[in-house]
Amino acid sequence: MSELLVDFITSLDGYASGEGWPGFWGLEGPEYLAWLGEQPEVTYLMGANTYRLMSGFAAGEVPDGQDEFRPEVEASVNELTQAPKVVFSSSLEEPLTWANSTLVRDDAVETVRAMKSSGSGLLSTIGSLSLCRSLLRAGLVDRFRVGMFPVITGATGAERIYDGYPDVALEMIEHRTFDGRIQLVEYKPRVLEHPPLGAPA
C-alpha cells in the first residue's frame, strides 16, 4: 500500500509564498539542499494551478521580480521534471506538455484512495492547497510535513495554507533544524470531529 505525504514549505506565519520573495525565501542552505537531494523517489500529486506554475518554470518562465533562476531552484525544477506527476484538473487539456505528467479528470479523493490501495511507492503533494485540504479531510494523509523558513510575510504573504482546514491532532514523527535556521516538523495527522473535551493526561 502506498503512503501519502502532504509536504509544505512555509513562512513562519503559514504562507506558501510571498510577493517579491525568491524561492525558499532565499534562505535555503547546504544542509537543507543536501537533505532535499536525499529524498526518495515519489509520484507527485498536484492541481491545475500548481501545474501551470511549475510547468511554466520548467519551460523557462522566470518568477516575477527575478531576472533568472538561481541554480538551486533550477535544479529543483529539473528534478520535478524527471519525476512522475499526476495532475487533477477539469480545465487543462491533453496532452500535457510537462514531461512525465498524467492528467486525471476523475474525483481526486477517490483516485488517490485507489492509488494508495493498489500502489507501493510514496505519493507526495506539491503546493495545491485545496487538493491537500480535501485529501486530509478524507483521512488519506499518512504524514504531514512542514519546512518552516524564518520569515514573517504579513505584508506580502500569499496562499494562506491552513484556512478552511478541519481541526487536526498531530503526532510528532520527526523534527530537525537545517543550517541553523530552517525548522522541519513531520507529523501523523488525525482529523478531529470536535476539539478534545479535556486536557491530555
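Guide: A nonpolar core is a set of buried Ala, Val, Leu, Ile, Met, Phe, Trp, Tyr and Cys residues joined through side-chain atoms within 4.5 Å, and buried means under 20% relative accessible area (1.4 Å probe, protein chains only). The model is predicted, so local features need pLDDT of at least 70 and side-chain atom pairs count only at pLDDT 80 or more, while totals for chains, interfaces and linings use all residues. Residues are numbered from 1 along each chain as its sequence is written, and side-chain values use heavy atoms, with hydrogens and water left out.

Visitor: Which element gives the most residues to the largest nonpolar core?
Guide: This core has 24 residues, and those touching the most other members are Leu4, Phe8, Leu45, Phe88, Val112, Leu135 and Tyr165. The elements that supply two or more of its residues are β1, β4, α4, α5 (129-137), β7 (143-149) and β10 (182-191), where helices (H or I, at least four residues) and strands (E, at least two) are DSSP runs numbered from the N terminus. With five residues, the element that gives the most is α5.

Visitor: How many residues are in the second, separate core?
Guide: Leu135, which is among the members of the largest core that touch the most others, has contacts (heavy atoms within 4.5 Å) with Leu4, Leu45, Ala108, Val109, Val112, Thr125, Leu140 and Val141, leaving aside residues up to four places away in sequence. Val77, Val87, Leu92 and Ile126, by contrast, are included in the second core, and its number of residues is 13.

Visitor: Which strands stand at the edges of the sheet?
Guide: Eight strands make up an open sheet with mixed pairing, in the order β5-β4-β3-β6-β1-β7-β10-β9; two strands pair if DSSP finds at least two bridges between them. Two of these strands have a single partner each, so one side of each is left without a neighbour in the sheet, and these edge strands are β5 (101-104) and β9 (168-178).

Visitor: Which residue of β4 stands opposite Met46?
Guide: Strand β3, residues 42-47, pairs with strand β4, residues 85-88, in the parallel sense over four bridges. The residue of β4 found opposite Met46 is Val87.

Visitor: What angle does the direction of helix α4 make with that of β4?
Guide: Axes here are lines fitted to C-alpha atoms, for helices over the stretch in contact, and angles run from 0 to 180 degrees between N-to-C directions. Helix α4, residues 108-118, packs on the sheet and touches β1 (3-11), β3, β4, β5 and β6 (122-125). Its direction and that of β4 make an angle of about 155°.

Visitor: What is the relative accessible area of Thr153?
Guide: Thr153 lies in the loop between β7 and β8 (157-160). Not counting residues up to four places away in sequence, Thr153 touches Ser11, Asp13, Tyr15, Trp21 and Trp25. Thr153 is buried, and its relative accessible area is 1%.

Visitor: What is the omega of the bond between Glu94 and Pro95?
Guide: Most peptide bonds are trans. Pro95 sits in the loop between β4 and β5. The bond joining Glu94 and Pro95 is cis, with an omega of about 0°.

Visitor: Phi of Asp179 is near what value?
Guide: Most residues other than glycine have a negative phi. Asp179, in the loop between β9 and β10, is buried, with a relative accessible area of 17%. Its phi is positive although the residue is not glycine, and the value is near 55°.

How values were computed
Buried < 20%, exposed > 50% of the residue type's maximum accessible area, 1.4 Å probe, protein only.
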